[in-house]
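Reader: I have a structure to read and some questions about how to read it. Could we go through them in turn?

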Amino acid sequence: MKRFRSLVILGLFALLQGCAILHSGTVKPGESEAEVIAKLGQPTNRYKDEKGSLLEYARGPWGQQTYMARIGPDGRVTSFEQVLTLQKFATITPGQANKKDVLHTIGAPSDTSYLSLSDLEVWSYPYKENDVWNSLMHVHFDRNGVVQKMMNGPDPRFDPDMRFPFGMMRR
């Protein structure tokens, strides 16, 4: 019994450590790039643009959070925000935005697929819609890499009826 209790305590400690890693400290404007990396570790991706660079930090349970730290030409943070939100998705304009724009706005997708009938590449982003609903945003690109449409809906990974392949466990 004593050994079991020790294992439970050790397991809870490991779980709390994992949460601490996922929800590490906040980044404030004016901090250096080195300070950001010291706090959050190496970014999952780096992007360069005319305003400086972006450090992407994909986080959260099931990848529902991605933070972007914008680093100005002086090497200091100008902004730090969670980008997997309806407000950020709304800034992507179908017919105008391309893959580079999407990467710089909401980061790398968690999954990609291809729709052969419509000849569209799809990038999928899990997110917490309005901080409540487990959702997926799908960004559809044509062969030229231009966004053609965006669609969102519930994330089937959180639907108890759909967890087993093809809903075979429905009653």
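Predicted model: local features only at pLDDT ≥ 70, side-chain atom pairs only at ≥ 80, totals over all residues.

Reader: In which helix of the protein chain is confidence lowest?
Author: The mean pLDDT of the protein chain is 86, and 77% of its residues reach 70 or more. Helix 4 has the highest confidence, at 98. The lowest mean, 47, belongs to residues 2-22, which form helix 1.

Reader: Which strands stand at the edges of the open sheet, and why is one side of each left without a neighbour?
Author: The sheet has four strands in the order 1-2-3-4, with antiparallel pairing. A strand with a single partner strand has one side left without a neighbour in the sheet, so the edges are strand 1 (45-49) and strand 4.

Reader: What is the bridge partner of Asp 49 in strand 2?
Author: Strand 1 pairs with strand 2 (residues 52-59) in the antiparallel sense, over five bridges. Asp 49 has its bridge partner in strand 2, and that partner is Gly 52.

Reader: At about what angle does helix 2 run to strand 2?
Author: Helix 2 covers residues 33-40 and lies across strand 1, strand 2, strand 3 and strand 4. Neighbouring strands of this sheet are themselves turned against each other by 20° on average, direction ignored. The angle between helix 2 and strand 2 is about 10°.

Reader: Which element gives the largest share of the lining of the largest pocket?
Author: The largest pocket holds about 290 Å³ of space. Its lining has 14 residues, and among those nearest the centre are Asp 49, Arg 70 and His 104. Strand 3 (65-71), strand 4 (77-82) and helix 4 (99-106) each give two or more residues to this lining. The largest share, four residues, comes from helix 4.

Reader: How many residues in the lining of the largest pocket are charged?
Author: The lining divides into three classes of residue. Three residues are nonpolar and three are polar. The number of charged residues is eight.

Reader: How many residues in the lining of the second largest pocket are polar?
Author: The second largest pocket has a volume of about 190 Å³. Its 13 lining residues include Gln 82 and Lys 128, both among those nearest the centre. Of the lining residues, four are nonpolar and three are charged. The polar residues number six.

Notes:
Residues numbered from 1 in each chain as written. Heavy atoms only, no water. 1 Å grid on protein atoms, 1.4 Å probe; cavity = no way out; pocket = protein on both sides within 12 Å on 5 of 7 lines; lining within 4 Å. Points joined across faces, edges and corners; volume = space filled by probe spheres on them. Nonpolar A, V, L, I, M, F, W, Y, C, P; charged D, E, K, R; others polar. pLDDT = per-residue confidence, 0-100. Pairing = 2+ DSSP bridges. Axes fitted to C-alpha atoms, helices over the stretch in contact; angles between N-to-C directions. Contact = heavy atoms within 4.5 Å.
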